[in-house]
Amino acid sequence: MSTPPAPARPASAKRAAKAGNPRQLRQQALADVRRERVLDAARTAFFELGMEKTSIREIAHRAGYTPGAIYSYFASKEALYGALLGESLARLNERVQQALEPSAAGPARVRAAATAFFDFYRENPRDLDLGFYLFQGMQPRGLTPELNETLNTRLRQALQPTQDALQSLGMPAPQALQELTALFAHTVGLLVLSHTGRIRMFRQASQDLFDKYLEQLIRRAGTASG
């Protein structure tokens with residue numbers, strides 16, 4: 001699995017750098033290192049134990065801090081989860097935007113946007129896992145409505161270029177939204193089957209099935225424009 005790029009520095013660090021105060025810079029750098037250490041500890045705990053069994057005490061133990069120190073950075077384990085998922089979605093959006101070359105247009109733009117989304121989660125299965133940690137049964141748990149809306153918006157931003165590209169081919173907006181929803185469901189289903197190994201029971205390859213579905217979608221877009 002590829003190593004994710006380092007996250008952007010917090011706004012407080014940028015302000016300290018702009019001010020040029022050496023003491024503030026050192027203090028902020030130390031705070032940033034501690035915050036990343038907490039996030040790393042939370043990430044491994046969530047992956048190994050799951051959301052329900054992970055506690056602030058467990059995260060603190062893995063980070064080498066007291067639970068009180070954790071609360072100075074994050075109000076709850078759900079806030080930690082939100083920060084981790086937010087970073088994951090930021091990398092997803094960056095991947096999609098990088099795939100959208102200025103010269104890409106028409107069917108090529110649909111392929112670029114949709115494939116970048118699929119490839120990100122194919123290459124980073126833990127990021128896909130992260131997005132499903134808070135789901136027990138049919139209801140999302142643990143996130144505040146505001147944070148849930150923010151994260152959903154960032155995921156939607158990663159999907160929007162595909163919908164826009166379908167509409168640029170002449171597909172009406174309501175149909176493009178329906179097709180995008182079906183593509184998202186198809187993509188996640190294939191990735192789950194692939195990452196769990198269940199797809200082997202069908203003797204199929206997730207990449208081949210995704211590519212075939214995407215080409216069928218592009219043909220439907222061409223038909224809709226006609």
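Student: Which residues make the contact between helix 8 and helix 9?

Tutor: Helix 8 brings L155, R156, L159, T162, Q163, L166 and Q167. Helix 9 brings A173, A176, L177, E179, L180, L183 and F184. Contact means heavy atoms within 4.5 Å. Nine of these residues are nonpolar, three polar and two charged. Leu, Ala and Phe are among the nonpolar kinds, Arg and Glu among the charged, and kinds in neither list are polar.

Student: How do you know how far to trust these values?

Tutor: This is a predicted model, in which local features need pLDDT of at least 70, side-chain atom pairs count only at pLDDT 80 or more, and totals for chains, interfaces and linings use all residues. Residues are numbered from 1 along each chain as its sequence is written, and side-chain values use heavy atoms, with hydrogens and water left out.

Student: What makes R62 partly exposed?

Tutor: R62 has 30% relative accessibility. Buried means under 20% relative accessible area, exposed over 50%, and partly exposed in between (1.4 Å probe, protein chains only). The 30% of R62 lies in between, so R62 counts as partly exposed. R62 sits in helix 3 (residues 56–63). Leaving aside neighbours within four places in sequence, R62 touches A41, T44, A45, E48 and L49.

Student: Why is H195 called partly exposed?

Tutor: H195 has 30% relative accessibility, so H195 counts as partly exposed. H195 belongs to helix 9. Beyond its neighbours within four places in sequence, H195 is in contact with Y121, R122, P125 and L128. D129 is 66 residues away along the chain, and its C-alpha atom is 9.6 Å from that of H195.

Student: How many helices and strands does the protein have?

Tutor: The protein has 10 helices and two strands. Helices (H or I, at least four residues) and strands (E, at least two) are DSSP runs, numbered from the N terminus. The pattern along the sequence is α-α-α-α-α-α-α-β-β-α-α-α. Buried residues make up 36% of the 226 residues.
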